[in-house]
Amino acid sequence: GELNCEITEEGLLGYTPTYQADGPGPFNTDGGCNFDDVEGGAENTCHIVNVADFVDIEIEKVWVVEGSGGDLVDTSYQLTLYCDAIIEDGQDLCGGSQEGPFGNGDYQTCKVFNGDGSQLFIAEVQPEYPSSHCWVVERVDDSGVEVDNGCMGLTVSAGVGDACTIINTVFFEGIPTVNQYGKVLIILLVLGAGLLAYRRIV
């Protein structure tokens with residue numbers, strides 16, 4: 001007799017299956033490979049391709065300002081995410097460093113984030129099998145900023161994203177300010193101390 005057949009794939013974490021039916025009999029690809037009125041002896045093939053779903057990479061940027069004078073800090077910066085995989089809304093060339101922590105400098109796409117102050121950035125990456133690697137390069141506009149980059153060794157795989165933190169620290173010694181009368185008083189005290197020292201030497 002004639003048979004109706006349907007082929008689907010279930011339960012594959014982190015992947016979405018796509019179907020391409022091929023063969024001499026009638027078929028469609030809506031939700032799987034569906035063959036209708038299959039005659040005995042006829043050859044029908046179902047090609048199933050598993051496409052990895054996009055996963056999130058979370059990049060947290062934290063600023064730590066110690067001491068007075070924090071209002072003088074330029075907290076603007078630029079982050080560039082590189083991955084040896086496809087980044088959603090990414091591009092081929094972003095400028096800056098292309099050499100990653102894995103030594104080969106090989107990447108497929110990159111994405112630039114511009115920010116100011118503490119922020120959280122999220123990028124969507126489509127990992128390859130069995131996994132893909134990403135890293136972040138930072139450019140800060142203030143030369144007095146110390147950078148602790150914890151985003152140089154990110155790994156993503158099917159259904160599994162990654163997260164990291166970049167901490168920027170600025171230290172100030174907090175020199176006190178005085179008005180004009182205070183400045184006069186400090187000058188008189190210094191002169192007085194100098195006169196006392198001079199009299200003792202004489």
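Cys94 and Cys110 are both buried, that is, under 20% relative accessible area, with exposed set at over 50% and partly exposed in between (1.4 Å probe, protein chains only). The two are joined by a disulfide, S to S 2.2 Å, where a disulfide is taken as a pair of cysteine sulfur atoms within 2.5 Å. At 105 degrees about the S-S bond, the Cys94 and Cys110 link is right-handed. Cys94 sits in the loop between strand 8 (86-87) and strand 9 (109-116), and Cys110 in strand 9, so the pair ties together parts 16 residues apart in sequence. Strands here are DSSP runs of E with at least two residues, and helices are runs of H or I with at least four residues, numbered from the N terminus.

The model is a predicted one, in which local features need pLDDT of at least 70 and side-chain atom pairs count only at pLDDT 80 or more, while totals for chains, interfaces and linings use all residues. Residues are numbered from 1 along each chain as its sequence is written, and side-chain values use heavy atoms, with hydrogens and water left out.

The disulfide count comes to 4. Taking the bonded cysteines in sequence order, they pair up as 1-2, 3-6, 4-5, 7-8. One of the links is Cys33 to Cys46, with sulfur atoms 2.1 Å apart. Its S-S torsion is about 75 degrees, so this disulfide is right-handed. Cys33 belongs to strand 4 (residues 33-38) and Cys46 to strand 5 (residues 45-52), 13 residues apart. Cys33 is buried, at a relative accessible area of 0%.

Cys83 and Cys134 form another disulfide, their sulfur atoms 2.0 Å apart. This link is right-handed too, with 115 degrees about the S-S bond. Cys83 is in strand 7 (residues 76-83) and Cys134 in strand 11, so parts 51 residues apart in sequence get tied together. Both cysteines, Cys83 and Cys134, are buried.

Then there is the charged pair. The count is 1 salt bridge, meaning a side-chain nitrogen of Lys or Arg within 4 Å of a carboxyl oxygen of Asp or Glu. Lys61 pairs with Glu138, the closest N and O atoms being 2.3 Å apart. Lys61 lies in strand 6 (residues 55-66) and Glu138 in strand 11 (residues 132-140), so the bridge ties together parts 77 residues apart in sequence. Lys61 and Glu138 are both buried.

Asn168, in strand 14 (residues 162-171), is buried as well, with a relative accessible area of 0%. Counting contacts as heavy atoms within 4.5 Å, and leaving out residues up to four places away in sequence, Asn168 touches residues including Lys61, Trp63 and Glu138.
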